[in-house]
Amino acid sequence: MAYDVAHIRSLFPSLESGWAQFDGPGGTQTPRAVGEAVASVLTGPLSNRGTTGESEERAEAAVHGFRLAMADLVNGHPRGIVHGRSATQLTYDFSRMLSRGWGERDEVVVTRLDHDSNVRPWVQAAERVGATVRWVDFDPETGELATGAVEAALTDRTRLVAVTAASNLIGTMPDIPAIAAATHAVGALLYVDGVHYTAHELPDVAALGADFFTCSPYKFLGPHCGVLAAAPELLETLMPDKLLPATNAVPERFEFGTLPYELLAGVTAAVDVLAGLASAGAATGESDVPRSRRTRLSASYAALHEHEDVLRARIEAGLGELPGATIWSRAARRTPTLLTTFAGHEASDITKRLAEGRVLAPSGNFYALEAARRLGLADAGGLRIGLAPYTDADEVDRLLDGLATAIS
């Protein structure tokens, strides 16, 4: 499948700055098409949703387009797509709703691999109702979160399991379908943090077995907001605190106030850019055959995998030649996100040295506080190197050269 990284880079005006951006796990750069979509909706005729005139119809179209695009991305149902300010906000909202039915005999399972946004809301919700929190550990030597470790924490009192589909700190991808099967076997719900995962793996909420799946469009070329996907039938069973005149329809009952129509249009544009990263037709000779957006997304993600795998191997080989380097990203299945430390050097100092050469690789724990502590890195964490669709080999060379200089 075709993957023209030079063409892809031309879609991002910000890359003209000359900075090599290895901060993708914290948020990718934004394609021109996404900015144009946001501006078009925001500056064109725009009103609250309705069918009376063009301004109302444009708002309606932005919402409808967003739900269709995100449903294609996660292989879900448009009525199961909920917009939120962020994945963190959505998780807090749903933790409050779900915990209403919990009591002192109930249990919630969280992991030490997760971003704190999929830990603290559940811990705090459990504390409010007196429910028990069971912690699942990961192996710091391998970075693996074993399905058996999750299974060992499950009982007939388990109400919910919260787990990441991919660690934003070390890239580990647990076996979510196996965890889902074990979770459902005891009658519990599975809440999956797919924020980091969606930037590198094409989600399929049904195949994963996730009852709830969250992601953040700004991690995959879109604007700053969050999305939750769930089966409409499941959402129908939940009722948030809401304004009396606000609709009870799903998914709108979970979206408070007027939606940011311009951001929704930006999300749709981002999904379309993702769907165009590679052309399956170029490989099959059937470019004249119409393809669904989901099919084009599948082709693009497959090509993205190949591109990122090559660059990740190049970085890992280069890090292996640097004195004192430790790579903490070790799981068999992981995203192209590498956490590294260098003996005798503070990660934050290396970040500053890299920036002198216009290479951005941030350092910290990135809100994966439990994971950083479990690795023995305390709250300081390490240097995180993350790939994105626009990363190229020249930038990798600049990174490795910059690291060699920084620790010399």
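Me: What should I know before we start?

Reply: This is a predicted model, so local features need pLDDT of at least 70 and side-chain atom pairs count only at pLDDT 80 or more, while totals for chains, interfaces and linings use all residues. Residues are numbered from 1 along each chain as its sequence is written, and side-chain values use heavy atoms, with hydrogens and water left out.

Me: Great. What is the strand order in the open sheet of seven strands?

Reply: The order is 2-8-7-6-5-3-4, with mixed pairing. Strands are DSSP runs of E with at least two residues, helices are runs of H or I with at least four, and both are numbered from the N terminus. Two strands pair if DSSP finds at least two bridges between them.

Me: And which strands stand at the edges?

Reply: Strand 2 (81-84) and strand 4 (132-136) do. Each has a single partner strand, so one side of each is left without a neighbour in the sheet. On average, neighbouring strands of this sheet are turned by 20 degrees against each other, direction ignored. For angles, axes are lines fitted to C-alpha atoms (for helices, over the stretch in contact), and angles run from 0 to 180 degrees between N-to-C directions.

Me: Let's look at strand 7. How does it pair with strand 6?

Reply: Strand 6 (residues 189-193) and strand 7 (residues 212-215) pair in the parallel sense, over three bridges. Tyrosine 191 stands opposite phenylalanine 212, and aspartate 193 has threonine 214 as its bridge partner.

Me: How many bridges does strand 7 make with strand 8?

Reply: Four, with strand 7 and strand 8 (residues 226-230) pairing in the antiparallel sense. There, cysteine 215 stands opposite valine 227.

Me: Are the faces of strand 7 covered or open?

Reply: Both faces are covered: Phe212 and Thr214 on one side, and Phe213 and Cys215 on the other, are all buried. Buried means under 20% relative accessible area, exposed means over 50%, and partly exposed is in between (1.4 Å probe, protein chains only).

Me: New topic: which residues of helix 2 are buried?

Reply: Val34, Ala37, Val38 and Val41 are buried in helix 2. They cover an arc of only 95 degrees around the axis, which puts them on the same side of helix 2. The arc is that of the directions from the helix axis to the C-beta atoms.

Me: Why would spaced-out residues face one way?

Reply: An α-helix has 3.6 residues a turn, so residues three or four places apart point the same way.

Me: What do the buried residues of helix 2 pack against?

Reply: They pack against helix 3 (54-74) and helix 10 (261-275). Contact here means heavy atoms within 4.5 Å.

Me: What about the largest nonpolar core: how many residues does it have?

Reply: It has 78 residues, and those with the most contacts inside it are Met70, Leu73, Leu169 and Phe213. Helix 10 gives the most to this core, with ten residues. Apart from it lies another core, of 25 residues, among them Phe94, Val110, Ala126 and Phe212. A nonpolar core is a set of buried Ala, Val, Leu, Ile, Met, Phe, Trp, Tyr and Cys residues joined through side-chain atoms within 4.5 Å.

Me: What does methionine 70 touch?

Reply: Not counting residues up to four places away in sequence, methionine 70 touches Ile81, Cys215, Phe220, Val227, Val267 and Val271.

Me: How many residues of strand 13 are buried?

Reply: Five of the five residues in strand 13 (residues 382-386) are buried. Four bridges join strand 10 (residues 337-342) to strand 13, with leucine 339 opposite arginine 384. Two bridges join strand 12 (residues 363-364) to strand 13, where glycine 364 stands opposite glycine 382.
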